[in-house]
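Let's take a walk through this protein together. Have the sequence and the 3D view ready, and follow along as we go.

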Amino acid sequence: MVYSPYLLKGQKALVTGGSSGIGEGVVRALAAAGASVVVNYHSDSEAAEKIVDEIKLANGEAIAFQADVSQEDDVQAMFAKMFQEFGTIDILVNNAGLQKDSSFVDMTLDQWNLVISVNLTGQFLCAREAAKEFLRRGVQPRISCAAGKIICMSSVHQLIPWAGHVNYATSKGGIDMMMRSIAQELAPQKIRVNSIAPGAIKTPINKSAWDTPEAEAKLLQLIPANRIGNTEDIAKAAVWLASDDSDYVNGTTLYVDGGMTLYPGFATGG
Ligand code: NAD
């Protein structure tokens with residue numbers, strides 16, 4: 001995909017969990033569209049630095065920053081570093097997330113708390129810091145007609161219940177209500193908050209669901225489009241939601257799922 005380098009020119013973006021999978025795809029796409037990007041990572045500094053180096057080689061601007069999004073101090077230090085390096089923030093992509101799967105009755109409190117704290121509380125902490133800066137700075141008409149944009153990486157599991165993954169599905173359901181409540185509260189200040197709900201995208205988080213022909217065939221039964229998504233499918237949606245092309249879109253979830261939420265089991269009458 002070729003992006004116009006003017007689409008997000010002059011905009012400053014932060015992508016959490018940006019060193020792998022969907023986050024990496026979004027980082028690369030935002031940079032290609034002209035944004036300066038903070039690549040947040042949790043533990044893989046080598047991967048994050050490699051992405052930063054490649055963006056710089058292509059005349060883009062990027063820095064890597066280690067932070068655990070579930071920790072308030074880490075998040076505040078990350079935003080402080082971003083403001084020191086780039087001056088401000090225009091685009092936050094709340095992408096970091098993980099799974100700790102278990103049957104419901106065997107799920108430990110640690111498994112529950114970890115997933116909720118990274119997937120949901122992490123998005124709250126980052127959104128709050130970004131929103132404070134959007135409100136402080138306001139609209140810069142030459143940069144964007146919004147005072148700021150927040151994109152929350154949710155999942156089809158904000159809608160589809162998921163046995164064996166109660167913590168994960170609950171975190172994504174929570175993201176939906178958090179996203180819409182923030183959007184309602186901040187829309188008058190020209191801040192846009194939206195979610196992307198990916199279906200099955202080939203990344204490390206769900207490797208076991210597609211890395212054998214048998215697993216892939218089983219997964220494809222859930223996808224009317226008959227292909228597993230790739231990180232570019234999500235990155236293209238993120239660039240659009242970050243740009244003024246979506247200026248009238250606020251508080252909505254864009255499902256990028258090849259039709260997974262169309263209840264494919266009912267296609268032949270159920
Ligand atoms: P991934 O495992 O490659 O990416 C998740 C990223 O989050 C990793 O880089 C990881 O290091 C980071 N992370 C984990 N804990 C963190 C923490 N405490 N602080 C900072 N970063 C942390 O998998 P992915 O598929 O690219 O997932 C990205 C997002 O997309 C997640 O929110 C996931 O729930 C969502 N999603 C993925 C799919 C899919 O099919 N791959 C589907 C729906 C939603």
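**Around the ligand and across the sheet**

Start with two helices: helix 1 (21-32) and helix 5 (166-186) each give at least two residues to the shell around the ligand. Helices here are DSSP runs of H or I with at least four residues, strands are runs of E with at least two, and both are numbered from the N terminus. Keep in mind that this is a predicted model, where local features need pLDDT of at least 70 and side-chain atom pairs count only at pLDDT 80 or more, while totals for chains, interfaces and linings use all residues. Residues are numbered from 1 along each chain as its sequence is written, and side-chain values use heavy atoms, leaving out hydrogens and water.

So who surrounds the ligand? There are 28 residues around it, and Ser20, Ile22, Tyr168, Ile201 and Thr203 come nearest; to be near, a residue needs a heavy atom within 4 Å. Sorted by class, the shell has 13 nonpolar, 13 polar and 2 charged residues. In that sorting, Ala, Val, Leu, Ile, Met, Phe, Trp, Tyr, Cys and Pro are nonpolar, Asp, Glu, Lys and Arg are charged, and the others, Gly among them, are polar.

Now look at some atom pairs. Aspartate 68 has a polar side-chain atom 2.8 Å from a ligand nitrogen, and lysine 172 has one 2.9 Å from a ligand oxygen. Glycine 199 uses its backbone instead: an N or O atom there lies 3.2 Å from an oxygen of the ligand. The protein covers 91% of the 810 Å² of accessible area that the ligand has on its own (by the Shrake-Rupley method with a 1.4 Å probe).

For a close-up, strand 4 (residues 91-94) and strand 5 (residues 148-153) pair over 4 bridges, and valine 93 has isoleucine 151 in strand 5 as its bridge partner.

Definitions and conventions. A polar contact is a pair of N or O atoms within 3.5 Å; within protein, one must be able to donate a hydrogen and the other to accept it, and residues adjacent in sequence count only if both atoms are side-chain atoms. Two strands pair if DSSP finds at least two bridges between them.
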